[in-house]
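Subject: Structure for your review

Dear colleague,

Please find below the structure that I am handing over to you, with its sequence.

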Amino acid sequence: MLRNLKELHDYAIGATDGEVGHVKDVYFDDQAWVVRYLVVDTGGWLSGRKVLISPMAVGTPNWETRQLPVSITKQQVENSPGFDSAKPVTRQHEMEYSGYYGYPKYWGGIGYWGAGMYPNMVMSSTGGFGTQRDIAEEVENARLSAEARDEDNADPHLRSADVVTGYHIHASDGDIGHVCGMLIDDETWAVRYLIVDTSNWWLGHQMLVAPQWIDSVNWADRTVAVKLTRQAVEDAPAYDSATKLLRGDEVRLYEHYGRSGYWTVSDKRETDISRI
């Protein structure tokens, strides 16, 4: 199911032995467009310290009580590698973080999460926490292994969802609005759509733009260029945040733009992974 990232704001994070804090932001990968970390404010418990929580640790969310259970302890959170929200998260920090919790690397594989499509699938296939096995290296063939090693020292492409909110969206023939939210898949944690507020061009409307339709992002100028025309956007099915987005709605949206649905690509990717 698709969820608005804003829903996660202030969700309580419940460790195995008590609450550790509340979600204040998320970091997503701007190449794969997948949420990699929840930014959690620990409040008075750790004097307002912010920590990163990976979706690999998240269990089944309780959407009614606004809680996210995680398979880690409060002591693990307290002793986890430091994190400064004012600075970029480097690959070196991610490797330290993954090593501390015993997570496999998510980068370098053919799935959203290394060798898998779902973060919980990756953890179950490595035997859970505490293992140092690298799933990505096990499924990568010799041709990709050198590239994977090079990526170990590269900086990841992580962006704050809060920071990206407000970015202006430019069609091929003019401005169409600004980012006001994101819709994510609550199983894969993939970002499926940017929610675009068109009020500065087309009052009272919100539209959806899939990451696959993005031509480029200028992080310095806070702009996103999409491979769409203003007329195509105006004629597209509008998005209503008050109603649940159904697969039929998505099909109509993709058909309007003449694009293949992400679900067909995901199905093929899952099939490829199962053959490894």
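Two strands are said to pair here if DSSP finds at least two bridges between them. In this predicted model, strand E8 (residues 168–171) and strand E13 (residues 223–226) pair in the parallel sense, with three bridges. Within that pairing, Ile169 has Val224 in E13 as its bridge partner.

Strand E13 also pairs with strand E12 (residues 214–218), in this case antiparallel and through four bridges. Here Ile214 has Val226 in E13 as its bridge partner. E12 and E13 form a hairpin, with four residues between the two strands. In the turn, Arg222 has a positive phi of about 60 degrees.

As to the protein overall, there are ten helices and 13 strands. The protein has 276 residues, of which 47% count as buried. Its accessible surface comes to about 13100 Å², and carbon and sulfur atoms account for 47% of that area. Among contacts between residues at least 6 apart in sequence, 58% join residues at least 24 apart.

The largest nonpolar core holds 75 residues. Which of them touch the most other members? They are Leu8, Leu38, Trp189 and Tyr193. For Trp189, the contacts beyond its neighbours within four places in sequence include two of these residues, Leu8 and Leu38.

Ser80 lies in the loop between helix H2 (74–78) and helix H3 (91–101). Is Ser80 buried or exposed? Its relative accessibility is 8%, and buried means under 20%, so Ser80 counts as buried. Leaving aside neighbours within four places in sequence, Ser80 is in contact with Arg49, Val51, Tyr100 and Tyr101.

His93 is found in helix H3. With a relative accessible area of 13%, His93 is likewise under the 20% limit and therefore buried. Not counting residues up to four places away in sequence, His93 touches Leu52, Pro81, Gly82 and Phe83.

Yours sincerely

Note on methods: Residues are numbered from 1 along each chain as its sequence is written. This is a predicted model: local features need pLDDT of at least 70, side-chain atom pairs count only at pLDDT 80 or more; totals for chains, interfaces and linings use all residues. Side-chain values use heavy atoms; hydrogens and water are left out. Buried means under 20% relative accessible area, exposed over 50%, partly exposed in between (1.4 Å probe, protein chains only). Contact means heavy atoms within 4.5 Å. A nonpolar core is a set of buried Ala, Val, Leu, Ile, Met, Phe, Trp, Tyr and Cys residues joined through side-chain atoms within 4.5 Å. Accessible areas come from the Shrake-Rupley method with a 1.4 Å probe; for residues, only the protein chains shown count as cover.
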